[in-house]
Amino acid sequence: MRAALIGAALLCGCQPGWSVPVERVDGGVLLGAWTAGETLVAVGGDLDGSSGLVVQADADGWCAEAGAADRPIWWTHGSGDRWFGVGEDGLILRDEGGARVDESVPTDATLFGVHDTGSVVWAVGGTPRADVPGGEVWKRDEAGAWSLVRDDFPGPLFKVHEDWIVGVGSAWQIVGDQLEDRTADEQPRLLTVRKRADGDVWAVGGLSEAEVWHWTGSWARIDMDPFCTNQPLNGVWTAPGEDVWVAGQFGGMMRWDGTAWECPDTPLSDDHFHAVWPWGDERWFLGGDLFRLGSNHFTIGRWGQGPKTIDVPACE
């Protein structure tokens, strides 16, 4: 049905645009996404720590799996039809073709980021509470065993992509078996990083305002168009030859084409987007009421030309 709807949009000559096809669906916020084969997999949960959520979409439609874990799933990444989900108290789930295994590690930290290289897997996190500072890096070897690489970072680490790791006031590059410090002098608070190519790395974050940083051998801050947002940013996606797509608070949906920012004429939601991910020819912005602890809902934004509204029933 999804293919038919997209085909109808193409026949009418419609131009892709910004929209919010899913609003305020109970079951938890959405925090990250991955594409396993032809299926979009989005993860999240209730932010009081009570449950995890997995939303899946394919050519037959969408559905939400409440209670997919006993605590929130903060991020996901994979290779092929395999994906990993990580979260609170060392949660690590591995799903291969729908068969899910718990590989959680012994830590009280929340694992906020994961990256599957196809052979080894990296997971990063920490404890963002001021009374228990610190960040951790974990590694899964080719035999499937997890081990702690380092736990002496001064603040939590939020995301890892390929050979880059970012967090509170820090950025690191994985070089062989070592982590080399690539922190900017300004020590920005970076929530998500995405490598487009060697010497072309993008990171976003901020505490009281939007921050976009670009690595080309050193870090440079990219000015954000205040028309699009002055709020902190949460997610970024790009790939070789692609624009930079950014998700942020208070309905933040933005695109940087290398010269200018594009965004909706007015914010389309007062919910907050935590991640952005491609699926098909569209870009999907995932979030919800990120600052409420418990009984959360999710909201999904889109850049594309699909149906105006999308139903997300419970998975059967």
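Reader: What is the handedness of the link of cysteine 228 and cysteine 263?
Author: In this predicted model, local features need pLDDT of at least 70, side-chain atom pairs count only at pLDDT 80 or more, and totals for chains, interfaces and linings use all residues. Residues are numbered from 1 along each chain as its sequence is written, and side-chain values use heavy atoms, with hydrogens and water left out. Cysteine 228 and cysteine 263 form a disulfide (a pair of cysteine sulfur atoms within 2.5 Å). The angle about the S-S bond is -90°, and the link is left-handed.

Reader: Are cysteine 228 and cysteine 263 buried or exposed?
Author: Buried means under 20% relative accessible area, exposed over 50%, and partly exposed in between (1.4 Å probe, protein chains only). By that scale, cysteine 228 and cysteine 263 are both buried.

Reader: How many disulfides does a search of the whole structure find, and how far apart are the sulfur atoms of cysteine 63 and cysteine 315?
Author: The search finds two disulfides. In the link of cysteine 63 and cysteine 315, which is right-handed with 85° about the S-S bond, the sulfur atoms are apart by 2.1 Å.

Reader: Why does cysteine 315 count as partly exposed?
Author: Cysteine 315 counts as partly exposed because of its relative accessibility. That value is 29%.

Reader: Which side chain is joined to that of threonine 107 by a polar contact?
Author: Threonine 107 is buried, with a relative accessible area of 11%. A polar contact is a pair of N or O atoms within 3.5 Å; within protein, one must be able to donate a hydrogen and the other to accept it, and residues adjacent in sequence count only if both atoms are side-chain atoms. At 3.0 Å, the partner of threonine 107 is glutamate 136.
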